[in-house]
Amino acid sequence: MNKKRYLPLALFCILVIAFAVQLQRNAQGDDPKALESALVGKPVPIKVAADLLEEKQHSADIFQQDKPILLNVWATWCPTCYAEHQYLNYLAQQGITIIGLDYKDKTDKAIKWLKDLGNPYQVVLKDEKGSLGLDLGVYGAPETFIIDGKGIIHYRHAGDVNEKVWHEKLQPIYQKLMETK
């Protein structure tokens, strides 16, 4: 009997099982696009960062506030960031504190962007070389982190923040942190 003849069938069965397991995980609510972050439960890894709009430096103290904060990583070269910007303006108008991190971008373009589209950010940090983004584990823009009033990261969301994402994913975590402050 030729055992090599059954090799394609065995590989096919292994693939079917792997796909079935993944489908089962998705059916149970696991988000295949969710990114785990090694920083959840840890302080924001910032030593000093330059302000985009003013000639000053910020330390991790900007994350020490009396309520949770969204840290939004964005850039002018990012079309998805453009799509989410209007909703960030809306959240800021609702009293949500948002700190922006302008990621791998040109300062003049970022300032023009904020003048043209509105500035939802309490503070805008600039990260022209991407070093702070690297420390955060950012692989692209947009990404948003929920940080408690003590500067501890509680959640990381890759992709745009829109009404659905806010209500289904971010707001429940934000509200829980508001209740425990």
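In the predicted model, residues 24 or more positions apart account for 70% of the contacts in the protein with a separation of 6 or more. The protein has 181 residues, of which 40% count as buried. Its exposed surface comes to about 11,100 Å², and carbon and sulfur atoms supply 56% of that area. The secondary structure consists of 5 helices and 7 strands, which follow one another along the sequence in the pattern α-β-β-β-α-β-α-β-α-β-β-α.

The strands form an open sheet of 7 strands with mixed pairing, in the order S2-S1-S5-S4-S3-S6-S7. Strand S2 (57-58) and S7 are the edge strands, each of which pairs on one side only. Within the sheet, S3 and S4 run parallel and are joined by 6 bridges; in this pairing Leu-71 stands opposite Ile-99 of S4. S3 is also joined to S6, by 5 bridges, and these two strands run antiparallel. Here Val-73 is found opposite Glu-143 of S6. A further 5 bridges link S6 to strand S7 (residues 153-158), again in an antiparallel arrangement, with Ala-158 of S7 as the bridge partner of Glu-143. The hairpin of S6 and S7 has 5 residues between the strands, and in this hairpin Gly-151 takes a positive phi near 90°.

Strand S6 (residues 143-147) is mostly covered, since 5 of its 5 residues are buried. In a regular strand the side chains alternate between the two faces of the sheet. In S6, Glu-143, Phe-145 and Ile-147 point one way, Thr-144 and Ile-146 point the other way, and all are buried.

Helix H2 (residues 79-93) contains 15 residues and reaches 23 Å from its first C-alpha to its last, close to the 21 Å expected at 1.5 Å a residue. The helix has a kink of about 35° centred on His-85. His-85 is itself among the buried residues of H2, together with Cys-81, Glu-84, Tyr-87, Leu-88, Asn-89 and Leu-91. The buried residues of this helix pack against four elements: strand S3 (69-74), strand S4 (97-103), helix H3 (107-117) and helix H5 (163-179). After H2 comes Gly-95, which has a positive phi near 95°.

In soluble globular proteins, nonpolar side chains tend to be buried together. The largest nonpolar core of the model comprises 24 residues, and the members that touch the most others are Trp-74, Leu-91 and Trp-166. The elements S3, H2, H3 and H5 each give two or more residues to this core, and H5 gives the most, with 5 residues. Among residues beyond four places away in sequence, Trp-166 touches Leu-70, Tyr-87, Leu-91, Ile-96, Gln-171, Pro-172 and Tyr-174. A second, separate core has 20 residues, including Leu-39, Ile-62, Phe-63 and Phe-145. Phe-145 is also one of the buried residues of S6.

Several features lie in the loops. Lys-47 is located between helix H1 (7-27) and strand S1 (49-51). This residue counts as exposed because its relative accessibility, 74%, is over the 50% cut-off. The C-alpha atoms of Lys-47 and Ala-60 are 6.3 Å apart in space, although the two residues are 13 residues apart in sequence.

Two further loop residues concern backbone geometry. Most residues other than glycine have a negative phi, and most peptide bonds are trans. Lys-104, in the loop between S4 and H3, has a positive phi near 50° and is a residue other than glycine. Its relative accessible area is 44%, which lies between the cut-offs of 20% and 50%, so Lys-104 is partly exposed. Pro-142 is placed in the loop between helix H4 (131-136) and S6. The peptide bond from Ala-141 to Pro-142 is cis, with omega near -5°.

Terms used:
Residues are numbered from 1 along each chain as its sequence is written. This is a predicted model: local features need pLDDT of at least 70, side-chain atom pairs count only at pLDDT 80 or more; totals for chains, interfaces and linings use all residues. Side-chain values use heavy atoms; hydrogens and water are left out. The expected span of a helix is 1.5 Å times one less than its number of residues. The bend at a residue is the angle between axes fitted to the seven residues ending there and the seven starting there. Buried means under 20% relative accessible area, exposed over 50%, partly exposed in between (1.4 Å probe, protein chains only). Contact means heavy atoms within 4.5 Å. A nonpolar core is a set of buried Ala, Val, Leu, Ile, Met, Phe, Trp, Tyr and Cys residues joined through side-chain atoms within 4.5 Å. Two strands pair if DSSP finds at least two bridges between them. Accessible areas come from the Shrake-Rupley method with a 1.4 Å probe; for residues, only the protein chains shown count as cover.
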